[in-house]
Amino acid sequence: MFRRFVAALALGVALATTSGCTVPVDAVAGISVTGDGHLLGVLMVCGHKIDGATLYVDSDDVDKEVTVGSWTADRPLRAGLATWTLDSPAVGWAATRSPTPLNAKTTYTLYGWTKDNAWSSGSVSFTLADRDRLTPGKVRYDNISDDGDESAVTVSIAEFKAKACQKV
C-alpha cells in the first residue's frame, strides 16, 4: 500500500513539473497589410472563441512584456477568419490601448486571448521589415511543422484559412 502511495505521489509530482499552466491554444494569429499599407491583425479561430488581441514587445525583464497595443472585439470571435486594422479604428473592434508608433529595430508579437483566459491564439512575431515584405492578400504567421519546429511563413489568405488550424 505504501509503495503505491509513493508511486502515485511521484507520478503526481512528475506531472505537475512537466505540465505548464498555459492557456490552451485554439486560434492562430497572423499579420497582413491593406492595399494602402496599413497593418492588419489576422486571427483564424479554430473552434472556440477569442475576445481580443494584444501586440507586445519583450522587455528587459524576462518575466514581463510591454504592451504596444490592445484590441477587444465587439463580440467574441467564433470559428473563422477575422481581420482588423491595427493603426486606426476598425469596425467591430475597440482599441483598449491605442498602438504606439512601431520602431524599425524592434520585434513585435501579436496574439489573441479571451477575457477569462479560457483560450488563446498562437502568436506571430514580426519586424517592420517583415511587414514591408507583405502584400495585400498575404498573411505572415508562425507555422508549426510536423516535427514541432516553429517558423514564420507567408501564404495567401485562402491557404491561411485552409491550413492554419491543422496544427492547433
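Predicted model: local features only at pLDDT ≥ 70, side-chain atom pairs only at ≥ 80, totals over all residues.
Trainee: What makes up the chain?

Mentor: There are 3 helices and 11 strands. From the N terminus, the elements run α-β-β-β-β-β-β-β-β-β-α-β-β-α. Of the 168 residues, 35% count as buried. Residues 24 or more positions apart account for 56% of the contacts with a separation of 6 or more.

Trainee: Which residues touch the most other members of the largest nonpolar core?

Mentor: L43, L77, W84, W93 and L110 do, in a core of 25 residues. Elements giving two or more residues to this core include β1 (25-33), β4 (65-77) and β7 (108-113). Apart from it lies another core of 8 residues, among them V42, Y141, V155 and F160.

Trainee: What does L77 touch?

Mentor: Leave out residues up to four places away in sequence. L77 then touches L43, V45, H48, K49, I50, A82 and W93.

Trainee: Why is V57 called buried?

Mentor: V57 has a relative accessible area of 14%. Buried means under 20%. So V57 is buried.

Trainee: Where does V57 sit, and what does V57 touch?

Mentor: V57 is in strand β3. Beyond residues up to four places away in sequence, V57 touches E65, V66, V68, T106, T107 and Y108. V57 and S125 are 68 residues apart in sequence, with their C-alpha atoms 9.2 Å apart in space.

Trainee: How many aromatic pairs are there in the whole structure?

Mentor: A search finds 5. One of them is W84 with W93, a stacked pair.

Trainee: Why is the pair of W84 and W93 called stacked?

Mentor: Take the distance, then the angle. The ring centres of W84 and W93 are 4.0 Å apart, and the planes are at 20 degrees. Centres within 6.5 Å make a pair, and planes under 30 degrees apart count as stacked.

Trainee: How do you know whether W84 and W93 are buried or exposed?

Mentor: W84 has 2% relative accessibility. W93 has 10%. The limit for buried is under 20%, so W84 counts as buried and W93 does too. Ring pairs also link W71, W84 and W93 into a cluster.

Trainee: What makes the pair of Y141 and F160 edge-to-face?

Mentor: The angle does. The planes of Y141 and F160 are at 70 degrees, with the centres 4.9 Å apart. Planes over 60 degrees apart count as edge-to-face. So the pair of Y141 and F160 is edge-to-face.

Trainee: Which elements hold Y141 and F160?

Mentor: Y141 is in strand β10 (residues 138-144), and F160 is in helix α3 (residues 157-163). They are 19 residues apart, and the pair links distant parts of the chain. Y141 is buried, with a relative accessible area of 5%. F160 counts as buried at 0%.

Trainee: How many salt bridges does the structure hold?

Mentor: The structure holds 5. D130, R133 and R140 are linked in a network of salt bridges.

Trainee: How do you know that D51 and K49 form a salt bridge?

Mentor: Their side chains meet at 3.5 Å, N to O. The cut-off is within 4 Å. So D51 and K49 form a salt bridge.

Notes
Residues numbered from 1 in each chain as written. Heavy atoms only, no water. Core = buried A, V, L, I, M, F, W, Y, C linked by side-chain atoms within 4.5 Å. Buried < 20%, exposed > 50% of the residue type's maximum accessible area, 1.4 Å probe, protein only. Helix = DSSP H or I, 4+ residues; strand = E, 2+ residues; numbered from the N terminus. Contact = heavy atoms within 4.5 Å. Phe/Tyr/Trp six-rings, centres within 6.5 Å; stacked < 30°, edge-to-face > 60°.
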